[in-house]
Amino acid sequence: MRYEVTIRTYCCKPLALELCAVVFSLACLAGAAVVPPMDLKRLSEQSDWIVVATVTDVHKVGRTTVSVPSGIHDASLSIATLRISKRLKGTMDNYVNFRFISPKERLGYAMVSPGQFGIFFLRKDGGDYALTDPYNAFAPAIEGAPESEGSPLDRITAEVAYILVSPGA
C-alpha cells in the first residue's frame, strides 16, 4: 500500500508540472501580467489616507512612461475624482483628486473607472495625491457597511468582511 501511494505521487508530479506550464503559457499568450498580491497590512502602513469611496470622474492629463523589469513603456497620466463615503485613515475633504498611470500595454496596473466603489489607498506625492500601489489601487467593498473602530487594518478588514455577511451577499 505504501508503495502504491509513492507511485501515484510520483506519477502525478509530471502531470502537475505540465499543467502549470500550460496555464502559464496561456496566461502569457492572453497578455496577462504577473502582479504582486494585495497585502492589506503593507497597504495600510504605506498609505497616508485610506478611504471608502466612489470614482466619480476620470480624465487624461498627459503622457508619461513607466519603468518595469521588462523595460520602459508608454503610459497615460490621468486624474480621478473620488467621492468619499468613509475615512479609514487620515482626514480629507468629501471629494479628492488623485493621479495615476495607465500603461498602454498590459503590465498589471489596476484600472480606475468612473462608478468604481471600494477602499482606495492613497499617499502624498509632492503636492498631489497618488495611488499607494499601482497594482492594487483599491480593495473591494460594498455600500452599507457599519462604522468600525480600531487600527486602519482592523477597519479595512471590517469593510472587506462585510461583503460576506451583507444582506445582499
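A residue counts as buried when its relative accessible area is under 20%. Keep that cut-off in mind while walking through this predicted model.

Start with the overall plan. The protein has 3 helices and 6 strands. Along the sequence they follow the pattern α-α-β-β-β-β-β-β-α. Of the 169 residues in the protein, 31% are buried. The accessible surface comes to about 10500 Å². Carbon and sulfur atoms hold 59% of that surface.

Next come the aromatic rings. The structure holds 5 aromatic pairs. One of them joins phenylalanine 98 and phenylalanine 120. Their ring centres lie 6.2 Å apart, and their planes meet at 45°, so this pair is tilted. Phenylalanine 98 sits in strand E3, residues 95-103. Phenylalanine 120 sits in strand E4, residues 117-125. The pair therefore ties together parts that are 22 residues apart in sequence. Both phenylalanine 98 and phenylalanine 120 are buried.

A second pair brings in tyrosine 109 and tyrosine 135. Here the ring centres are 4.9 Å apart and the planes stand at 70°, so the pair is edge-to-face. This pair links distant parts of the chain, 26 residues apart. Tyrosine 109 belongs to the loop between E3 and E4. Tyrosine 135 belongs to the loop between strand E5 (128-131) and strand E6 (138-140). How does the cover compare with the cut-off? Tyrosine 109 has a relative accessible area of 15%, so this residue is buried. Tyrosine 135 has 23%, so this residue is partly exposed.

Ring pairs also build a cluster. Its members are Phe98, Phe100, Phe120 and Phe138. Another ring meets a charged side chain instead. Lysine 124 lies over the face of tyrosine 129, at 4.8 Å from the ring centre.

Finish in helix H3, which spans residues 152-165. What is glutamate 159 in contact with, once its neighbours within four places in sequence are left aside? The partners are Val52, Lys86, Leu88, Ile119, Ala141, Ala145 and Pro146.

Technical notes. Residues are numbered from 1 along each chain as its sequence is written. This is a predicted model: local features need pLDDT of at least 70, side-chain atom pairs count only at pLDDT 80 or more; totals for chains, interfaces and linings use all residues. Side-chain values use heavy atoms; hydrogens and water are left out. Rings of Phe, Tyr and Trp (its six-membered ring) pair if their centres lie within 6.5 Å; planes under 30 degrees apart count as stacked, over 60 as edge-to-face and the rest as tilted. Helices (H or I, at least four residues) and strands (E, at least two) are DSSP runs, numbered from the N terminus. Buried means under 20% relative accessible area, exposed over 50%, partly exposed in between (1.4 Å probe, protein chains only). A charge sits over a ring if NZ of Lys or CZ of Arg is within 6 Å of the ring centre and within 35 degrees of the ring normal. Accessible areas come from the Shrake-Rupley method with a 1.4 Å probe; for residues, only the protein chains shown count as cover. Contact means heavy atoms within 4.5 Å.
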